Amino acid sequence: MKIALMDSGIGLLPTAAAVRRLRPDADLVLSSDPEGMPWGPRTPADITEHALAVARAAAAHRPDALIVACNTASVHALPALRAELEPGIPVIGTVPAIKPAAAGGGSVAIWATPATTGSPYQRGLIRDFADGAAVTEVPCPGLADAVQRADEEAIDRAIAAAAALTPRDVRAVVLGCTHYELLVERIGAAVQPPGLPPVVLHGSAEAVAAQALRRIGASPAPAATPGADLTVLLSGRGSALPAEALAYAEGRLLETVDQTVDAAR
């Protein structure tokens, strides 16, 4: 079994780690576009062009499924990716977890990139899935870029700025960018008011990983014997995991499992 994941950068790590936990025996192909980052400020047509290039690099390794582990690419490029690759390769997009966040009761905040915040796409998701919950859209300028660089000071500043825009009464925070799922504990601490019940953070990685397995008719097998291959593609070229990825537990998980990093294929 081989699962490919794509993103502009290391935002694919949370979903890749989720796949690894569900199926430690699955080969992984991680395809990203560090030379084209960031995707957010690009036009929809330009995002689609970059996403197709990254997807084609992954598809050349003949995966059983491709996960678009990027909210921006899922918004703008998913139809084009599916038109080119399906039905041969199932393509699974990433959608912010607004519905489960609203189901918990209470008000909700959605942390997302400035380009996504207030967009028709996100407003449509709120309309369709918030189920009447009070929702605050919180732009997080610079946070994804800081995560990509593993810049601790810039991460702290961006989290503090977003937390200041987050109402104190929110009961759930939706992480509307896959990069943010690398910071769950830090974001949780920043939005937690003293003396109130814990604020619940909602990412998409686990649900998307499980959906990818369902699409190819596979079941979770977390006890399966590890030993899978990891192929890393940076702007189409074989590589090892970038140093920035190893700043996060998800990246270290992928590196430390007994596997071969295939930089030659």
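Start by selecting Asp131, which sits just after helix α5 and takes a positive phi of about 55°. Helices here are DSSP runs of H or I with at least four residues, strands are E runs of at least two, and both are numbered from the N terminus. Before you go on, know that this is a predicted model, where local features need pLDDT of at least 70, side-chain atom pairs count only at pLDDT 80 or more, and totals for chains, interfaces and linings use all residues. Residues are numbered from 1 along each chain as its sequence is written, and side-chain values use heavy atoms, with hydrogens and water left out.

**Stop one: α5**

Now step back to α5 itself, residues 120-129. Which of its residues are buried? They are Gln122, Gly124, Leu125 and Ile126; buried means under 20% relative accessible area, exposed over 50% and partly exposed in between, using a 1.4 Å probe and protein chains only.

Two strands pair if DSSP finds at least two bridges between them.

Zoom in on β7 (residues 170-175), joined to β8 by 3 bridges. Pick Val174 there and you'll find His202 of β8 standing opposite.

Axes are lines fitted to C-alpha atoms, for helices over the stretch in contact (heavy atoms within 4.5 Å), and angles run from 0 to 180 degrees between N-to-C directions.

Finish with α1 (residues 13-22). How many of its 10 residues are buried? The count is 9, so colour the helix as mostly covered.

Bring in α9, residues 205-215: its axis and that of α1 come within 8 Å and cross at roughly 55°. Show the side chains where they meet, including Leu22 and Val19 from α1 and Leu213 and Val208 from α9.
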